[in-house]
Amino acid sequence: MDKAKRAELLSEQILKYSRNELLVSLRFMDLALCKLEYRMDDVQRTATDGKYLYYNPKHIFKLYEAGSGELNHSHLHTIFHCIFYHPFVNKIDRPLWDIACDIAVEGIISEFNMKQLDCSNTILIDHELANMKSKYGKLTAEKLYREFSKSKIDASEILRLRKIFSFDDHNVWY
């Protein structure tokens, strides 16, 4: 077996381990967590089109080395995009929609308050979410998109927020 095939198989085992760890704590999400098929691809992180969870083995190995919280967090983040139909929209400003979706998903993940979802920037995420909740109320992708569109959020602020809230690649959505 060649190196690439071994990396693919090991990555899928790691993703299944992450899925199973999430299932132990989030049994009610069994259908969502088991729906996507894993597919190795040339994405930078993970991505989904609603049918597949695309992954790059190097990224999966990096997350796994960092600890199960990083991998579980990223895995659940991508699944929530499907649950909330984030990939299935038309005629939007992509950078605004992408960051609005990421923030909304992170708002849900933070409400679980689960140790197995902690990642390296959990404290920063929670701080930013608290500020946004006080400013906008309930954080949904649609509401954030409208607010960001109205306030004409600039590119530097979008980039700053992406560094905090982005865990996956949205290019397959478009």
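How far is the sulfur of Cys-34 from the closest cysteine sulfur? It is 13 Å away from that sulfur, which sits in Cys-82, and this is too far for a bond. A disulfide here is a pair of cysteine sulfur atoms within 2.5 Å, and the structure holds 0 of them.

Some notes on the source: this is a predicted model, where local features need pLDDT of at least 70 and side-chain atom pairs count only at pLDDT 80 or more, while totals for chains, interfaces and linings use all residues. Residues are numbered from 1 along each chain as its sequence is written, and side-chain values use heavy atoms, without hydrogens and water.

Back to Cys-34: its relative accessibility is 41%, so it counts as partly exposed. Buried means under 20% relative accessible area, exposed over 50%, and partly exposed in between, with a 1.4 Å probe and protein chains only. Cys-119 is buried, at 10%. Its sulfur lies 18 Å from the closest cysteine sulfur, in Cys-101, again too far for a bond.

Now the helices, which are DSSP runs of H or I, at least four residues, numbered from the N terminus. The axes of helix 5 (residues 94–112) and helix 6 (residues 122–136) come within 10 Å and cross at roughly 110°. Axes are lines fitted to C-alpha atoms over the stretch in contact, and angles run from 0 to 180 degrees between N-to-C directions. Helix 5 is therefore roughly perpendicular to helix 6, a label for angles of 65 to 115 degrees.

For helix 1 (residues 3–25) and helix 4 (residues 68–83), the axes come within 9 Å and cross at roughly 80°.

Terms used: Helices (H or I, at least four residues) and strands (E, at least two) are DSSP runs, numbered from the N terminus. Angles under 35 degrees count as roughly parallel, over 145 as roughly antiparallel, 65 to 115 as roughly perpendicular and the rest as oblique.
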